[in-house]
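Morning, everyone. Please have a look at the model first.

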Amino acid sequence: MVKLEEMIKNKQIKNMFKKATALMEEGKLKEARELFEKIQEQDSNYASLKDFMEKLNELEAEEKKREEERKKKEQAELIQNMLKNLKDNEGILKLLKEIAEEGSDTDEKLVLAKAYSICYSEGKIEESLELVKKALFIRSDYEDAVVLFKYLTNVKELKDKGKEAFTRGSWKDAKKYYEEALELDLQSKYLNSLFYTNIASVLMKEEKVDEAIKACNMSLKLNPKWITAYKKRAKCFVMIHEYDDATRDLNIAIKIDPNDESLKKQLQVTQNFSEQAPLVNYYQILGIDRHMSIPDEEKFKMSINKKVRKLKSKWHPDRHEDEHKKLKAEKMCHKIDEAADILLNQASRYDYNEKYDKQFPT
């Protein structure tokens with residue numbers, strides 16, 4: 001009975017072995033390994049099992065190598081296509097970074113992918129340039145790396161020249177270099193955002209506050225999370241006594257980076273300026289006589305409403321296409337509404353008039 005069971009077992013093992021070798025020849029290595037391992041569990045000394053297992057190991061190693069080469073080729077083609085369609089595409093930049101971080105730092109395409117990513121999604125010129133040099137060290141004739149190297153070299157040179165000119169107080173030269181950097185038409189929103197804030201710094205030194213605000217607006221249009229642009233624009237608003245706008249910008253920046261202590265300090269300084277600021281002349285904004293309400297309250301209110309309609313029509317933001325002028329019009333409409341709210345309400349007007357008469361005595 002025992003002999004019969006053993007014969008059945010041997011026959012089953014023989015059939016499994018035959019099937020496993022057939023699967024191995026067909027390239028179905030995973031299924032073959034499962035059968036060989038079952039045979040090994042039942043009879044580890046089965047004839048030729050060791051030789052076939054060694055052969056299977058070799059075939060699996062070859063298959064793994066081929067799969068790695070296939071993936072590497074696909075990855076290279078993917079990166080190549082991404083580089084061709086990179087223009088301001090944050091999704092591609094993110095994917096490039098993921099690919100680069102997962103891959104080898106000895107593959108020139110992966111190294112360049114990381115260079116593109118940190119340049120175009122973070123605006124880090126120096127770090128990106130070092131990675132490009134590394135890609136070129138791996139493969140000196142890598143055309144995409146050569147192109148990016150030329151771009152970054154030119155950008156860094158203009159940035160350094162602009163900084164040097166700014167340090168020595170040559171505002172005209174500094175602005176010229178930063179504008180030239182913009183004209184290179186780099187695909188990085190972050191780099192261009194940086195250069196617009198640098199231009200804003202120059203314009204602030206020249207006391208061209210409106211132009212500086214416009215440069216900050218351009219910077220934030222490219223990169224809405226660029227804290228430096230919010231800080232600079234807030235300083236511009238303080239220069240023209242627009243404290244509410246300055247406070248708004250700083251609060252936005254603090255939401256982006258709650259741990260930036262310099263923002264909180266700047267906000268406190270701005271609020272101190274705001275408290276010491278002279279009283280806004282609401283009568284002047286609306287073109288209304290301070291003493292008009294004394295003889296006739298109703299006539300005074302009618303006059304205010306009429307002035308408000310006329311002024312808001314004049315300053316309606318839709319009348320302007322230029323973003324800077326549109327923003328200025330929006331601010332003016334806000335002041336008109338604020339003036340009307342204060343002066344149309346008798347209680348708030350009474351409090352306001354007390355302050356007004358002290359600051360603007362007749």
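One definition before we start: helices here are DSSP runs of H or I, at least four residues long, numbered from the N terminus. With that in hand, take helix H15, residues 297-314. Glu297 and Lys301 sit 4 residues apart in it, so about one helical turn separates them. They form a salt bridge, and the closest N and O atoms are 4.0 Å apart. The cut-off for a salt bridge is within 4 Å.

How accessible are the two partners? Glu297 is buried, at 19% relative accessible area. Lys301 is partly exposed, at 24%. The line between those two classes is drawn at 20%, because buried means under that value.

Keep in mind that this is a predicted model. How many salt bridges does the rule give? The count comes to 22.

Next, helix H8, residues 171-183. Here Glu179 pairs with Lys175 in a salt bridge. The closest N and O atoms are 2.8 Å apart. Again the spacing is 4 residues, about one turn of the helix. Glu179 is partly exposed, with a relative accessible area of 30%. Lys175 is partly exposed too, at 22%.

Lys331 forms a salt bridge with Asp245, and the closest N and O atoms are 3.6 Å apart. Lys331 belongs to helix H16, residues 323-344, and Asp245 to helix H12, residues 243-256. The pair therefore ties together parts that are 86 residues apart in sequence.

Are these two buried or exposed? Lys331 counts as buried, at 16% relative accessibility. Asp245 is buried as well, at 11%.

Last stop, the surface. Which residues form a negative patch there? Asp51, Glu54, Glu58 and Glu62. Take Glu62. Glu62 is in helix H3, residues 49-84. Its relative accessible area is 43%, which makes Glu62 partly exposed. Patch members must have over 30% relative accessible area and no salt bridge.

That is the tour. Questions, please.

Methods
Residues are numbered from 1 along each chain as its sequence is written. This is a predicted model: local features need pLDDT of at least 70, side-chain atom pairs count only at pLDDT 80 or more; totals for chains, interfaces and linings use all residues. Side-chain values use heavy atoms; hydrogens and water are left out. A salt bridge is a side-chain nitrogen of Lys or Arg within 4 Å of a carboxyl oxygen of Asp or Glu. Helices (H or I, at least four residues) and strands (E, at least two) are DSSP runs, numbered from the N terminus. Buried means under 20% relative accessible area, exposed over 50%, partly exposed in between (1.4 Å probe, protein chains only). Patches are made of residues with over 30% relative accessible area and no salt bridge: like charges are joined within 9 Å, nonpolar side chains (Val, Leu, Ile, Met, Phe, Trp, Tyr) within 5 Å. Accessible areas come from the Shrake-Rupley method with a 1.4 Å probe; for residues, only the protein chains shown count as cover. Lys and Arg count as positive and Asp and Glu as negative; His and the chain ends are not counted. The place of a charge is taken as NZ of Lys, CZ of Arg, CG of Asp or CD of Glu.
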